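Colleague: I have the sequence and the coordinates open and would like to go through them with you. Please put them up and I will ask as we go.

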Amino acid sequence: MDDFSNPAELALVSQNSPVLVIIEQHVLARTCILNILKRELTGFEIVELATISGLNWLSGRDIRLIALNIGHKQITDPSIEESLALLAETCPKASVAVLSNRDDDATASAAMQRGVRGFFPTSIPVELAIAGLRLVLAGGVYRPLPIVGQNGASSKAISGCPDASELIVTNEDDGGTRIVPEKAMGDLTPREQHVLEALQLGLPNKLIAVRLNLSENTVKMHIQRIMRKCSAHNRTEAVVRWSRANGHAQPSRMRSS
């Protein structure tokens, strides 16, 4: 059986489309991930592979990100290290993300040390994984950091830009996430909402400007308005306050300026 799940479909896809590759040996898991990413990450051609050797089918394509599921294996496993080295050699311009059944800090750190741009434990919520993938695709780095709150509850935060502070979301007993709503704030305009969404992904002003086809000065103006409406002193606080006021769990690591 060929490593590429649907080779005939590849020929029908525009060769100009940026590609996001999923490498997962189990058909059911691969199909579920594929369907979610097709819905959430429009503008990309999502390609599913059973093994790394299937990348031969994508020679010459604009591969932006490769997501490799390593299951229960350690990053230091020789087969995983060989796979990561092969990905770096075959697709040097693509960001590499790792899906792992492990969620310990040692595994995440080992992955980052080997050039992985995104580390995704299978224990995190789907919406958190999507936010992390968007961050990696925007040029950032994703890894969930374990945080213990004052009540001892376990939380997760996205690690993105190195000079950023963290936005924390508490894990509930039922497996969901929750932030207690505060008082309602002034409504945001549609454009301000778009800027806020970019802020939630931890994007700097320059990337927000490119993403929304705005000048950096216009982005700064929108951020100032958002901060004023949220009674916030900086962009991180604005995201936290807005998320709490609307009952949203939009965790990401933000720039504090």
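Colleague: Is S231 buried or exposed?

Modeller: This is a predicted model, in which local features need pLDDT of at least 70, side-chain atom pairs count only at pLDDT 80 or more, and totals for chains, interfaces and linings use all residues. Residues are numbered from 1 along each chain as its sequence is written, and side-chain values use heavy atoms, with hydrogens and water left out. Buried means under 20% relative accessible area, exposed over 50%, and partly exposed in between, with a 1.4 Å probe and protein chains only. S231 has a relative accessible area of 52%, so the residue is exposed.

Colleague: Where is S231 found, and which residues does S231 touch beyond those up to four places away in sequence?

Modeller: Helices (H or I, at least four residues) and strands (E, at least two) are DSSP runs, numbered from the N terminus. S231 is found in the loop between helix 8 (216–229) and helix 9 (235–246). Contact means heavy atoms within 4.5 Å. With residues up to four places away in sequence not counted, S231 touches E237 and R241.

Colleague: How far apart in space are S231 and R241?

Modeller: In sequence, S231 and R241 are 10 residues apart. From C-alpha to C-alpha, the distance between S231 and R241 is 8.3 Å.

Colleague: What is the relative accessible area of N234?

Modeller: N234 also has its place in the loop between helix 8 and helix 9. N234 and Q224 are 10 residues apart in sequence and 8.6 Å apart in space, C-alpha to C-alpha. N234 counts as partly exposed, with a relative accessible area of 23%.

Colleague: Which residues is I66 in contact with, leaving aside its neighbours within four places in sequence?

Modeller: I66 is one of the residues that touch the most other members of the largest nonpolar core. Leaving aside neighbours within four places in sequence, the contacts of I66 are V21, I23, L55, L87, C91, A94, S95, V96 and A97.

Colleague: How many residues does the second, separate core have?

Modeller: This second core includes L188, I208, M227 and W242. Its count of residues is 20.

Colleague: At what angle do helix 7 and helix 8 pack?

Modeller: Axes are lines fitted to C-alpha atoms, for helices over the stretch in contact, and angles run from 0 to 180 degrees between N-to-C directions. Angles under 35 degrees count as roughly parallel, over 145 as roughly antiparallel, 65 to 115 as roughly perpendicular and the rest as oblique. Helix 7 is roughly perpendicular to helix 8. Their axes are 9 Å apart, and the angle is about 105°.

Colleague: Which residues of helix 2 meet helix 5?

Modeller: Helix 2 (residues 27–40) and helix 5 (residues 126–137) pack at an angle of about 60°, with their axes 12 Å apart. That angle makes helix 2 oblique to helix 5. On the helix 5 side, the contact has V126, I130, L133 and R134. On the helix 2 side, the residues are I36, L37 and E40.

How values were computed
Core = buried A, V, L, I, M, F, W, Y, C linked by side-chain atoms within 4.5 Å.
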